[in-house]
Amino acid sequence: DLAWLLRRAQLPSLFWAGACEPRWKGFVRPLSSLRVAQGDVLLTHQVGASLPTSDWFLHRGPKGVVLHALGGDSGALKRDAAAKLRSLAPHSQLTLTFSAHAAALAREAGHAHVVTLPAFLEVGRWRPPTRRSPPGPAAPVVASLRDEDRLPSLLMLHHARLRVNPEAALTLLAPRGRRRPRGLPAQVRWLETDAFVEQWGAVTDALAFISLKEHDLHGRELLEAMAMGVPVLAFEGGAATEVLDGAGLIFGQQDFAFLAELLEVLRVDPRLRRRWLDRQDGRVTQLDPEAAGRALHAAVSEAWPTSTPGSGRRPSRTSAPKPSQRRHVAIVVQRHGEVGGGAELHADQVARRLHERHDVTVLTTCARDHLSWDNVEAPGPTQLAPGLRRLRFPVRTTRWMRGFNALSRLRFGKRCSRLEEEHWLHQQGPDVPSLLSHLGEPGNGYDAFIFFTALYAPTALGLPLVAERSILVPTVHDEPPLAFGVYDDAFERASSILANTPEELELIARRFPKHAPGRVVGVGVTSPAGIPERFRERHGVQGPFLLYVGRLERGKGVEELVRHHQTLRRQTPHVPELLFAGRGALRPKGNGIRYLGAISEEDKHDAFAAAHAVVVPSRYESLSLVTLEAFAQGTPVLVNAHSDVLLGQVNRSGAGFGYSDAATLGLGLGLLTAQRDALSARAKAYAQAHTWERVMAAYEDALATIWERKQGAR
């Protein structure tokens, strides 16, 4: 969460840990790999009596402490932790805390510059859809054993509750790796998990959440429980009193008989429970991440002015261009070059047209393959044309698709913590920390940024770093990761959103009701006239044929299309041949199926002109460039009707049909054959309306909004 706030303050961050759990591998790095550059800010997250790595002490640049917890229950451990905290004081220029109680401990230990961030929470991540009905007799009380072990006291409370309510239950949230002790009562549930969805389910089903901790320095679990709509009770030690701030219940003595009676009254008295929860809801509304982000930005700016955007930095040469000057626009996209179509081709087309009026740099990776993200291209700059260059950055970790798919099955369709979501995002990749650092560099000279493809890490993590100068071209469709909250910043904090279709913009409005101003822009079509005979002679094709052009992958619906085509061929032998052109792992085979492999641009347009129809079988598209290119040649299309975007394109054009199975594919093919000439005329007319002049005018409007906002800020 701290990294999330830093990103909003335009400061990218990376994580290292001494004993990282294997499940976070690739996201959290081992301390042995820590290499700190001059000017980097090095923060140590202080928990318990451990000391930070020697790199922290030896680092001569800016460094600070994040005081999370002193850890442990015994007096000896507390004294040891306090001594370690004192040893950090002479070296820390900034100590961040999350409560006045923690700040007092830091100052007592000699820390000079101590800042307490306001309590904050992404409330929507915890909030249940509706408030629960009154709990039954067996509804458990939930407590956490993290940071401080209060197991004996919690068991004493549980036994006191059993005397009042024989069905009383207790759920203990145990640290990962800690086994259930022997001899626990049957009504005690031992939940050893760090999976957010399981913890969330345990708390939202509870009668109450109780904390007996005496040394809690942040009260985070209390805030989360309140956001989940569960009554909270806490011992007055540590930060509990200030964190609850009049909500919940603070008790000064561990009088278990009294607490047991109170919990039973809370269960049977709906008016008390409702008033309790209403008071907590009022507190939850105050947990504003924006306020915490502003406080963090101010603290970092004061401690290290030259490291923070907008804090004492000299403006770059192009930071305030005059209207007559060429601006410097960066286009951020996950791949660029010889990588096929889709969003990457879209980004290239926009870059090559923008550079007629602006200096353009394409910021991308060294990868060609979007499945593995292997570094194939050399890092560094390449001049593509006068005023147009490409700057490549190496991908830090490649992707193992089998493991990534397993992780996706664990995360999709479930509530996730920010940690779980950002871990998934890094595993999806491409993981390009040097690109993110480049975005945050002082004086990099870019006047605006255009980010392509919202779901990849460079956009989701990079756009917030330059939000006020950013345009988002999301190219999204309705898929499971779009539910992750980690994407909110990209859609909500961009200067503007340029969508490809009305269906895409409607999806964005449903998922991100607070999204930035958006409009439908799409792409232009400038296809050269194809020569059908040249394609037929080159590939020995006779008679009518259906054509697929694109990536040969399972996610593109290729295998499903083959099954439908083979079903039709068995039923009706005169169904046209189906030709596949493109790159990918699949090699389609079957009766009347031909695999052409990758073809040139000239060959592609010739193929479109020669085809009886083009088939687009993908269920997940934000815009089909293939459909528009086929229309430009006067060729109608058959599209997967499960895609609202594709169906919208053919319905608006009147130049194709949708299908959902083999039968409807055959029906669409029959209608297409009967109406081929009329469909062809409508296809050409629709394509001719998609001009690059109109598209680029929309991009210039979005860029002008950024220029005007920058001038107003000055």
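This is a predicted model: local features need pLDDT of at least 70, side-chain atom pairs count only at pLDDT 80 or more; totals for chains, interfaces and linings use all residues.
Q: How is a pair of aromatic rings described?
A: Two quantities describe such a pair: the distance of the ring centres and the angle of the planes. Rings of Phe, Tyr and Trp (its six-membered ring) pair if their centres lie within 6.5 Å; planes under 30 degrees apart are stacked, over 60 edge-to-face, and the rest tilted. The structure holds 15 aromatic pairs. One of them joins Tyr446 and Phe449, edge-to-face, at 5.3 Å centre to centre and 65 degrees between the planes.

Q: Are Tyr446 and Phe449 buried or exposed?
A: Buried means under 20% relative accessible area, exposed means over 50%, and partly exposed lies in between (1.4 Å probe, protein chains only). Tyr446 has a relative accessible area of 2% and is therefore buried. Phe449 is at 0% and counts as buried.

Q: Which angle do the planes of Phe631 and Tyr686 make?
A: The planes stand at 90 degrees with the ring centres 5.8 Å apart, so the pair is edge-to-face. Phe631 belongs to helix α23 (residues 625-632) and Tyr686 to helix α26 (residues 676-688), so the contact ties together parts that are 55 residues apart in sequence. Helices (H or I, at least four residues) and strands (E, at least two) are DSSP runs, numbered from the N terminus. Phe631 and Tyr686 are both buried.

Q: Which residues form an aromatic cluster?
A: Phe404, Phe412, Trp424 and Phe484 form one aromatic cluster.

Q: Where does the charged end of Arg399 sit?
A: A charge sits over a ring if NZ of Lys or CZ of Arg is within 6 Å of the ring centre and within 35 degrees of the ring normal. The charged end of Arg399 sits over the ring of Phe404, 4.9 Å from its centre. Lys63 has its charged end over the ring of Trp56, 5.1 Å from the centre.

Q: How do the side chains of a regular strand point?
A: They alternate between the two faces of the sheet. In strand β8 (residues 169-174), 6 of the 6 residues are buried, so the strand is largely enclosed by the rest of the structure. Both faces of β8 are covered: Ala169, Thr171 and Leu173 are buried on one side, and Leu170, Leu172 and Ala174 on the other.

Q: Which strands pair with β8?
A: Two strands pair if DSSP finds at least two bridges between them. Strand β7 (residues 140-144) runs parallel to β8 and is joined to β8 by 5 bridges; Ser144 stands opposite Leu173 in β8. Strand β9 (residues 188-192) also pairs with β8 in the parallel sense, over 5 bridges, with Ala174 opposite Glu192 in β9.

Q: How many salt bridges are there?
A: A salt bridge is a side-chain nitrogen of Lys or Arg within 4 Å of a carboxyl oxygen of Asp or Glu. By this rule the count is 35. Among them, Arg220 bonds to Asp1 in a salt bridge whose closest N and O atoms are 2.5 Å apart. Arg220 lies in helix α8 (residues 220-227) and Asp1 in the segment before α1 (2-8), so the pair ties together parts that are 219 residues apart in sequence. Asp1 is partly exposed, with a relative accessible area of 32%.

Q: What is the N to O distance between Asp359 and Arg326?
A: The distance in this salt bridge is 3.1 Å. Asp359 lies in strand β14 (residues 359-365) and Arg326 in the loop between α12 (289-303) and β13 (328-332), so the pair ties together parts that are 33 residues apart in sequence. Asp359 is partly exposed at 31% relative accessible area, and Arg326 is partly exposed at 38%.

Q: Which residues are linked in a network of salt bridges?
A: The network links Arg7, Glu122, Arg125, Arg418, Glu421 and Glu422.

Q: How many disulfides are there?
A: A disulfide is a pair of cysteine sulfur atoms within 2.5 Å, and by this rule the count is 0. Cys366 is buried at 1% relative accessibility, and Cys416 is buried with a relative accessible area of 5%.

Conventions. Residues are numbered from 1 along each chain as its sequence is written. Side-chain values use heavy atoms; hydrogens and water are left out.
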